[in-house]
There are 2 protein chains.
Amino acid sequence: MIAARGTMAPSAPQLVYDFAEGSREMRNLLGGKGANVAEMTRLLGPELVPAGFTITAEACVRYLDADGVVDGLSAEVGAALARLEALAGRRLGDPADPLLVSVRSGARDSMPGMLDTVLNLGLNDISVEGLAARTGNERFAWDSYRRFVQMFGNVVMDIPGEHFEEAIAAAKAARGVTLDTDLDAAALRELVAVFRGLYDFPQDPRAQLERAINAVFDSWNGPRAVEYRRLHRIPDSWGTAVNVQQMVFGNKGETSGSGVAFSRDEITGAPEPSGDFLPNAQGEDVVSGVRTPRDLAELAEWMPHVHAQLHDILRRLERHYGDMQDTEFTIEEGRLYMLQTRNAKRPAQAAVRFAVDAVREGLLTRSQAIATIHADRLDALLHDTFDPAAPFNVCARGVAASPGAASGEIVLTAQEAVGVRAAGRDAILVRPFTEAEDVAGFHAAAGILTSEGGKASHAALVARGMGRPAVTGVDAMQVDLQAREVRIGDLVLRPGDRIAIDGSAGLVTTDDVPLVAPAMSEDFLTVLAWSDDLRTLGVRANADTPQAAAEARAFGAEGIGLCRSEHMFMDPERVPLIRRLVVALAHDGNGEREAALVDLRRVQQADFAGIFEAMAGLPVTVRLLDPPLHEFLPKPQELRAELDWAQSVRSADLPELLAVQEALTRLAEVNPMLGLRGVRLGLLYPDIYAMQIEAIFGAVADVRARLAEPPKVEIMVPLVAYESELVTMLELIDELAQAHEMRRGEDFTVGTMMELPRACLIADRIARHADFFSFGTNDLTQTTLGFSRDDVESAIVPGYVARNIIDGSPFDSIDEDGVGRLVQMGCELGRMTRPDLYTGICGEHGGDPQSIGFFHRAGVDYVSCSPFRVPIARVAAAQAAIAALDPQTLS
Amino acid sequence: MIAARGTMAPSAPQLVYDFAEGSREMRNLLGGKGANVAEMTRLLGPELVPAGFTITAEACVRYLDADGVVDGLSAEVGAALARLEALAGRRLGDPADPLLVSVRSGARDSMPGMLDTVLNLGLNDISVEGLAARTGNERFAWDSYRRFVQMFGNVVMDIPGEHFEEAIAAAKAARGVTLDTDLDAAALRELVAVFRGLYDFPQDPRAQLERAINAVFDSWNGPRAVEYRRLHRIPDSWGTAVNVQQMVFGNKGETSGSGVAFSRDEITGAPEPSGDFLPNAQGEDVVSGVRTPRDLAELAEWMPHVHAQLHDILRRLERHYGDMQDTEFTIEEGRLYMLQTRNAKRPAQAAVRFAVDAVREGLLTRSQAIATIHADRLDALLHDTFDPAAPFNVCARGVAASPGAASGEIVLTAQEAVGVRAAGRDAILVRPFTEAEDVAGFHAAAGILTSEGGKASHAALVARGMGRPAVTGVDAMQVDLQAREVRIGDLVLRPGDRIAIDGSAGLVTTDDVPLVAPAMSEDFLTVLAWSDDLRTLGVRANADTPQAAAEARAFGAEGIGLCRSEHMFMDPERVPLIRRLVVALAHDGNGEREAALVDLRRVQQADFAGIFEAMAGLPVTVRLLDPPLHEFLPKPQELRAELDWAQSVRSADLPELLAVQEALTRLAEVNPMLGLRGVRLGLLYPDIYAMQIEAIFGAVADVRARLAEPPKVEIMVPLVAYESELVTMLELIDELAQAHEMRRGEDFTVGTMMELPRACLIADRIARHADFFSFGTNDLTQTTLGFSRDDVESAIVPGYVARNIIDGSPFDSIDEDGVGRLVQMGCELGRMTRPDLYTGICGEHGGDPQSIGFFHRAGVDYVSCSPFRVPIARVAAAQAAIAALDPQTLS
């Protein structure tokens with residue numbers, strides 16, 4: 001029969017497949033559910049899996065394109081139904097012994113928001129009697145019919161569910177019972193009559209089937225489904241398949257039941273299967289929460305043979321799929337049927353435990369086991385989280401800006417945060433937005449909460465770098481610094497009041513939610529160790545302080561890929577030093593500039609020495625000053641306010657403030673991203689770079705005297721566009737190296753940050769002078785796409801995702817076709833003139849698993865990311881290596 | 001002898017060449033002067049060109065690299081000197097009959113700032129007497145010696161020239177004479193004694209020669225030379241050659257003299273030779289201005305045979321070089337010697353006339369003639385200029401922001417400009433800086449003058465687009481709008497006072513300099529017609545109004561390559577319309593937005609119709625809205641002032657102003673260049689793009705009804721980064737086209753502006769949906785280089801040029817290695833998927849001859865530039881085609 005249908009012209013593809021025809025490789029055509037039930041049919045045989053057929057996603061696409069008319073679909077469905085009737089020995093709509101079916105949607109990826117399941121399709125006022133007579137179970141027949149009329153009305157006809165629930169509640173009240181199962185056949189018969197009054201129920205089973213199938217198709221374009229696809233980057237063009245399956249009945253009495261079963265514990269990953277079941281119930285009762293389901297373990301007492309059989313099946317499925325399984329089953333009068341299976345979603349700790357156990361059990365190789373982990377979710381194991389068992393009320397939502405949870409008392413300034421911390425209590429720093437001078441508060445606070453800003457705001461970036469949880473952009477919250485109040489709707493909070501945030505979910509609550517500490521469990525360490533064996537990509541961290549460097553090393557970083565030398569200036573004690581320098585730049589020759597440089601050199605050298613010490617024996621890439629100088633000055637509005645005040649009281653600070661104002665005016669830029677920064681500063685103000693280079697050399701000499709293994713210092717020149725910029729900087733570096741008796745190649749190396757398209761285009765020429773390239777993919781994304789991160793992430797990216805222009809922010813996962821192409825070109829061209837060129841990634845993409853996969857393929861030597869992403873990057877790098885060897889391994 | 005030296009090992013290149021050995025092809029080695037004197041020796045024979053030798057630029061490079069020690073140089077110079085002595089029959093330093101020589105620097109390109117000429121080298125206290133005896137002319141001998149001791153002291157020994165001039169003046173005063181020629185031998189002998197007291201004069205002629213040669217080498221690194229090279233983009237690595245030539249004497253009495261001669265009139269290009277000469281003088285007297293030289297025509301009366309011979313030589317040289325020549329000659333006792341020749345620098349009108357005459361005379365082919373023109377200088381023929389004969393005082397200097405000269409009375413507002421113009425007088429609009437609402441003043445004013453801003457300022461861009469002269473960034477000028485005063489130092493000017501500006505040179509004067517009107521002479525039109533025959537690159541104009549379109553067509557534009565649809569909103573009458581729309585964007589549904597769009601559509605359609613009519617039969621590329629919307633709102637400070645005022649008087653405008661303020665806050669961006677603009681606006685506010693597209697279709701329908709030849713309308717979508725952006729816009733365009741019965745491919749085409757690196761990198765995919773690409777090289781330069789034009793041109797480019805990082809602004813001539821590479825990549829990839837893809841350039845580079853050469857080679861179909869650059873682009877495009885055929889044709 002298959003062969004016969006196989007001869008059809010290619011212009012008319014097969015639109016319907018029997019379960020027996022499909023396999024898990026046909027996921028794109030049959031959907032995840034259809035492919036898996038087909039695969040399970042092959043594996044377990046028809047006696048364990050009720051028969052049925054799948055209408056392809058292709059049919060759905062045609063249906064939607066053609067406004068409901070698909071040539072040949074009706075005929076193919078009819079033929080498939082006929083085959084199913086023949087197998088089942090029953091006919092749909094047979095008044096005496098009706099075939100009943102379930103209708104379920106099933107897209108390529110699991111996708112909520114579409115049509116829910118319709119069970120017991122095929123019943124009508126006549127065949128319900130036949131079913132009662134045939135099964136000798138009148139209550140069962142009417143319970144099935146009641147459920148069908150309810151589901152069809154609710155799901156296919158869009159009748160609000162509460163209408164049905166109210167009728168059931170009324171029926172139970174009238175009879176003085178509390179459970180649905182306490183309603184007898186007569187009550188159910190009456191309920192059906194009530195339900196039938198809510199809409200025009202079609203009595204013809206073929207019409208029921210057609211309408212149910214079309215309703216699944218239509219639900220692909222329902223608002224919830226569309227919204228879900230946008231959020232999860234699922235193309236509109238996929239469409240959904242429809243599965244029609246012969247019913248088996250868990251509601252046939254006390255030897256029947258329905259349940260869900262995981263092949264291992266779905267929370268911990270422990271090897272014992274877990275799940276829930278309900279006797280005398282259909283599947284939807286288990287998940288609806290109307291009755292409290294029983295733990296799967298209890299099945300062993302109730303039906304030991306079924307329990308044993310189920311265990312055996314779960315083990316077989318797991319072995320077959322090579323992954324933990326999530327199944328649905330039904331027991332009909334003591335006989336087990338498997339309805340569905342799929343790889344189980346699982347929290348990070350379960351994923352890690354499964355991976356380790358699976359290798360120990362011989363189920364999977366290490367590569368296969370590592371490939372089952374969702375690297376991004378490992379974040380949960382690295383930060384405090386809200387106790388998942390603790391209920392709480394969300395009082396506001398914002399941007400999930402930095403992962404982890406925190407609770408503590410509200411503070412409104414960095415100083416207060418320091419004070420609360422010193423008193424041994426936890427503080428949450430709450431601000432409208434944050435700036436350089438708030439950074440001391442970040443160190444002291446347990447978490448950060450701001451009313452403004454997104455994922456790219458100062459608060460978010462600094463919090464992520466430090467591993468502090470942060471929620472930003474909480475629109476509903478007003479932070480009134482003058483009144484010293486935080487208002488969320490009617491709620492008014494003051495410093496000292498307790499608050500808690502979940503930076504992984506963007507939640508704010510005033511409930512005192514217990515926190516669960518992160519666990520670098522034995523299993524997690526095993527996974528990381530295996531990953532290190534498997535990966536070829538190096539993993540470093542971005543760290544700017546000795547503390548961050550130590551943290552990074554503890555997380556397994558193999559060096560520092562980006563030490564932003566200017567971040568040391570951000571410390572409140574140091575801001576005056578750099579500010580003095582910036583102001584003095586306009587006035588050569590009065591000694592102010594030189595004095596400021598001497599002071600800055602002192603603090604930089606000490607910081608560098610601390611970082612080098614923390615990274616003894618490992619490479620440390622120090623980036624020379626990068627940001628525009630006006631970033632070190634106060635904001636214009638703030639300065640205006642200070643000036644007004646100083647003028648009104650004739651303050652002695654007035655001349656200094658006026659000098660700052662002059663500097664601010666002088667340095668103002670229309671597009672600071674594309675202005676006077678990076679190596680441009682180094683060329684126009686060589687004394688600043690010289691100060692930094694001397695501080696580096698001084699620190700190298702300092703730690704070399706103390707450490708057995710000196711650090712491998714790499715000086716990185718940022719924002720290079722022209723070969724000659726680097727050459728000029730090399731002259732300065734060489735000159736200072738000579739003075740400090742440092743040898744390039746031995747005591748230090750010099751490379752460039754590749755963050756401009758031009759640099760990638762002439763990488764062959766730049767590589768003649770550079771020991772290494774580090775791709776700054778944040779800025780490279782900004783310039784290649786013309787996307788100012790500050791402006792575009794909030795104003796454009798959401799609209800672009802909504803309109804399907806892009807899948808997500810190019811700042812989250814690298815834009816492979818544009819930015820990625822330039823990275824590849826940079827590596828290839830660079831190695832043409834310097835085959836041993838060392839290349840890395842120091843943008844935030846370095847911590848994103850998807851991007852890491854790309855970088856591995858692009859031939860980059862290492863990635864660098866924030867310390868808390870290092871473990872994730874180690875696993876993702878291993879997965880990239882595995883995928884490159886065998887693309888089938890990762891699904 | 002040549003062969004013998006030719007056998008030297010390649011590691012020891014020949015460092016000295018006799019004139020007889022060289023040729024014009026050896027310019028890089030011998031310098032321009034050395035190569036030309038060698039060529040002239042070949043052409044005219046040794047009897048007309050005094051013998052000598054050239055020390056190569058390579059020798060100079062080695063000398064500077066090796067701190068003065070060059071192996072074998074001294075021996076080679078000695079040998080060359082011996083050959084010269086043999087030819088001359090005299091020896092250097094012979095007490096009885098000394099050989100005298102001149103020593104001159106001569107780099108590859110003419111380069112002032114190096115060592116000046118030293119004449120009469122070889123004389124000393126003894127040989128001067130021998131010279132006197134041998135020539136029987138004591139005065140001549142002592143005049144020669146006086147000149148030598150003076151020049152050697154001044155040029156080689158760095159003795160300030162005024163010390164010598166003072167001594168000469170004292171000598172003349174003592175003798176009561178006024179001219180140098182009136183000083184007799186005794187007086188000159190005394191002068192030499194005085195000069196010898198000024199420094200330690202070397203008596204040894206070989207030492208004189210060595211020191212003079214080394215002084216030439218050293219002068220390559222003199223501050224003036226270094227500065228000149230930086231300004232004119234000449235590599236430091238070239239070095240200079242040194243020419244040593246046997247002296248002939250124009251100061252041997254009344255049958256001797258020196259002069260300069262051009263093969264044609266150096267001002268007009270008329271065929272008669274022109275120049276100056278002085279009897280009884282050496283060459284430096286002619287140019288020093290000590291005595292007033294006589295016109296070359298007078299030579300015909302004084303020495304008819306020499307005059308005729310010179311004419312003949314000039315013709316021969318011109319024929320030989322295929323270009324107008326600029327020569328130096330000396331007459332020694334009635335006999336003519338040619339000392340130098342080179343291609344003559346000449347003003348635009350002379351260049352044009354020469355080109356046309358040269359073809360008519362059969363001297364050059366059309367291609368060769370076109371190649372002799374410096375296309376960039378043709379600008380002078382397209383704008384008013386200051387009368388070159390009129391003297392004037394420069395009272396301030398600024399940026400040469402838009403070429404041409406203008407004079408008129410000072411006005412301070414657009415309104416005043418309109419008033420003065422209406423009264424039939426010329427106005428110069430003087431402002432601190434200009435903005436959108438000043439544009440009406442640009443139309444009315446003869447010229448624009450601002451105290452702030454550079455070449456990329458609003459004033460500069462708009463003025464260039466309109467062909468109005470402009471000087472910007474006049475730091476020394478304060479424009480006090482409140483006091484209604486313009487202050488330049490102590491000078492205070494007020495509205496109505498006359499002022500004049502030269503926008504080609506960046507000059508400001510209060511003198512009433514007469515203007516010379518531009519001449520599209522017959523010859524110029526001929527040159528343009530020939531250029532059109534020769535070129536393959538199309539030339540269009542950037543024009544935003546019907547007037548500009550008409551102007552562009554008159555200048556020969558073959559269409560409009562860029563019509564910035566938003567420029568129509570800049571008209572002061574229309575600013576309120578667009579402002580209303582921008583404010584309304586925040587408040588959907590109250591009808592304001594729709595009403596504003598209806599009004600805007602009306603004015604846009606009328607403007608488009610006017611432009612299409614002016615371009616009947618030609619292509620017009622209309623770019624949809626591009627700039628960020630906040631550009632249509634007032635500046636924050638201005639609005640603040642208006643708001644303060646409105647609040648103080650409780651104005652009825654207050655709500656409106658508050659709404660504008662809200663819009664300004666909402667739309668503020670950190671980096672507007674990389675923010676919400678271009679197609680991003682079209683995607684997020686499709687109704688604005690729909691309005692523009694409907695206005696275009698409406699205008700097409702309108703003019704089609706009236707014109708025999710409808711325009712070829714090309715709709716251009718700006719700032720595309722993703723293929724899907726264009727696809728989404730195409731859906732909108734197709735939908736509206738259907739509604740307006742317009743057919744893509746027939747009534748209009750659709751393309752993209754390529755101005756982001758990503759677009760060039762995925763051009764193959766974009767080309768699937770685009771009929772044409774137009775490279776917006778301004779923005780592509782900004783993103784590829786990370787250079788915000790507003791910030792970088794003034795703050796970074798000058799410093800970068802000074803440090804030899806770049807040759808000049810990448811906004812003037814295209815950065816071939818980076819931006820150019822992307823343009824090439826865009827063309828190549830685009831044609832892979834659409835072989836008939838039409839490509840153009842619409843950045844300002846489209847009017848730059850150097851960039852046009854690149855675009856021709858890159859295979860672009862056309863360039864588009866401001867109307868006034870169109871003739872230049874036509875010539876440059878022809879030169880590009882000529883150069884591509886025969887790279888030798890253009891030097």
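How many residues does the contact take from chain A and from chain B? It takes 47 from chain A and 48 from chain B. Keep in mind that this is a predicted model.

**View 1. The interface between chain A and chain B.** Putting the two chains together buries about 4,000 Å², and carbon and sulfur atoms account for 60% of that area. Polar links are here too: there are 26 residue pairs in polar contact between chain A and chain B, both residues at pLDDT 80 or more.

**View 2. A salt bridge between R758(A) and D815(B).** Four salt bridges are counted between chain A and chain B. In one of them, the side chains of R758(A) and D815(B) meet at 2.5 Å, N to O.

**View 3. The side of chain A that touches chain B.** Several helices of chain A supply at least two residues each, among them α25 (679-684), α27 (723-739) and α30 (777-785). The largest share comes from α33(A), with five residues. By class, this side of chain A has 25 nonpolar, eleven polar and eleven charged residues.

**View 4. Helices α20 and α22 of chain A, packed together.** Residues 546-554 form α20 and residues 592-614 form α22; their axes lie 8 Å apart at an angle of about 10 degrees. That angle is under 35 degrees, so α20(A) and α22(A) run roughly parallel to each other. On the α20(A) side, look for P546(A), A549(A), A550(A) and R553(A); they meet D607(A), G610(A), I611(A) and A614(A) of α22(A). Sorted by class, this contact has five nonpolar residues, one polar and two charged.

Notes
Residues numbered from 1 in each chain as written. Chains lettered and ligands numbered in written order. Predicted model: local features only at pLDDT ≥ 70, side-chain atom pairs only at ≥ 80, totals over all residues. Heavy atoms only, no water. Axes fitted to C-alpha atoms, helices over the stretch in contact; angles between N-to-C directions. Helix = DSSP H or I, 4+ residues; strand = E, 2+ residues; numbered from the N terminus. Parallel < 35°, antiparallel > 145°, perpendicular 65-115°, else oblique. Contact = heavy atoms within 4.5 Å. Nonpolar A, V, L, I, M, F, W, Y, C, P; charged D, E, K, R; others polar. Buried area = accessible area lost by both parts, 1.4 Å probe. Polar contact = N/O pair within 3.5 Å; in protein donor to acceptor, adjacent residues only side chain to side chain.
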